[in-house]
Amino acid sequence: MDPITTGIVGTFLLLVSIFLFRIPVAFAMGIIGFGGFAYILNWNAATGMLGTELWNVFSNYGLTVIPLFILMGQICFYSGVNERLYKSAYAWMGQIRGGIAMTTVLACAGFAAICGSNSATAATMSTVALPEMKKFKYNPILSTGSVAAGATLGVVIPPSVVLIIIGLQTSQSIAGLFVGGMIPGILLTTLFLATIWYLCQIHPDWGPAGPKTTFAEKLRSLPGSIEMVTLFILVMGGLFMGFFTPTEAGAAGAALALLIATISGKMTLEKVRLAISDTLKISSMIMVIMLGAVIFGRFLAISRLPFEAATWVAGLPIPPVVIIIVICLIYVIGGMVMDALALLLVTIPIFFPVVTAMNYDPIWFGVLITVVTTLGAITPPVGVNLFIVASMAPDVSMTDAFKGVAYFVAAYVVCVALLLMVPQLVTFLPNLM
């Protein structure tokens, strides 16, 4: 076979390995990438590439940003920041119709700003929000939908592990991607709140109003959100002003999170051990996936498939925006059957050259596909957030959970449409840096 045909066959085998044989994506990418590289060149070249990439990946200073931001999120999780943040948001929003669901989305947005993970936000907020909504007789469709959808903000609102990996994969500024994700994150949060408001207008019994709180009670709840605001300002403000590199921002955020947790008296040595242990597990998983993606990417590079695809697509007699829409549809469909992080790592080497060949802003594209792919976290059959939330509410049927998240898909469609029509929603802040 010629190199391009080999690249197509290798990509097909990768998908078959992942979907039919359930081979972990990191090993599937690594094995097929190594085998394809050896087939096109030779065995010695493949082993040489493997040794070189092992060193290049695991000695890359840029990777240090991943465990640092994960550690910051884990410290906040084990010190109970999520509970205090929820109580603060609830004091301000709980007394209006659908207010507890809105509170959940706002708390998810706040926790996402210091966590950066879909699944962690889903698991964390489910334990706090679902019992509250059940207590106030919220419809399970609204309660599960708002938690599952709100938790997807974990990879859109910076700092985001997915944006970090996109930056490393495409050699883009991680700080630029973080800042570029701020407005889309706020926009998506607002659209979620509007969705809840609309649902409670047509189904008033879905989100009964909670007890009213006095202005004094609202003020007393504010310290519960100060920790999150302080961390967010430190990390994002430092990056935007150029005080920190992304790695330094992660280190400063983790150190401040540990200091806040210690002062609050909510952190024990056992919780510190658990936070570090979880950080190591998650970081190791991500880095192994990245190694597999790099090996597979090297195989695609020598096959010339991405570059030939980019040349072919760029020469099509159709508007570039149509090509971008097709790419977005591919990511939506791929996100339904594949983990978002794995999907991005597999497809970025193919689509990124296509987009740059059409002179689109790479930071805009990185944020756009992050939003699009995140939709897969709440869509079957591999809707990770959906299954996490459903597992936390065993008395809620999967049918109701699916119905709940379906209402929030429209918010994603509107958000993506706005990003396509107004790219400045992403590029405005990075251009000020």
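A residue is called buried here when its relative accessible area is under 20%, exposed when that area is over 50%, and partly exposed in between, with a 1.4 Å probe and the protein chains only. The model is a predicted one, in which local features need pLDDT of at least 70 and side-chain atom pairs count only at pLDDT 80 or more, while totals for chains, interfaces and linings use all residues. Residues are numbered from 1 along each chain as its sequence is written, and side-chain values use heavy atoms, with hydrogens and water left out.

We begin with the aromatic rings. A pair of aromatic rings is described by the distance of the centres and the angle of the planes. Rings of Phe, Tyr and Trp (for Trp, the six-membered ring) are paired if their centres lie within 6.5 Å, and planes under 30 degrees apart are classed as stacked, over 60 as edge-to-face and the rest as tilted. Searching the whole structure gives seven aromatic pairs. One of them joins tryptophan 206 and tyrosine 407 in an edge-to-face arrangement, 5.8 Å centre to centre with 75° between the planes. Because tryptophan 206 lies in the loop between α11 (182–202) and α12 (215–221) whereas tyrosine 407 belongs to helix α21 (residues 398–421), this pair ties together parts that are 201 residues apart in sequence. Helices in this numbering are DSSP runs of H or I with at least four residues, strands are runs of E with at least two, and both are numbered from the N terminus. Tryptophan 206 is buried at 8% relative accessibility, while tyrosine 407, at 35%, is partly exposed.

Phenylalanine 296 and phenylalanine 299 form another edge-to-face pair, with 5.7 Å centre to centre and 65° between the planes. Both residues sit in helix α15 (residues 269–303), three residues apart, which is about one turn of the helix, and both are buried.

Phe192, Phe408 and Tyr412 make up one aromatic cluster. Tyrosine 412 also takes part in a polar contact, 2.6 Å between its side chain and that of threonine 152; such a contact is a pair of N or O atoms within 3.5 Å, where within protein one must be able to donate a hydrogen and the other to accept it, and residues adjacent in sequence count only if both atoms are side-chain atoms. Threonine 152 is found in the loop between α8 (140–151) and α9, and with 0% relative accessibility threonine 152 counts as buried.

The C-alpha atoms of threonine 245 and isoleucine 174 are 8.9 Å apart, although 71 residues separate the two along the chain.

Turning to the cysteines, the whole structure contains zero disulfides, a disulfide being a pair of cysteine sulfur atoms within 2.5 Å. For cysteine 328, the nearest cysteine sulfur is that of cysteine 415, 11 Å away. Cysteine 328 is buried at 7% relative accessibility, and cysteine 200 is buried at 1%.
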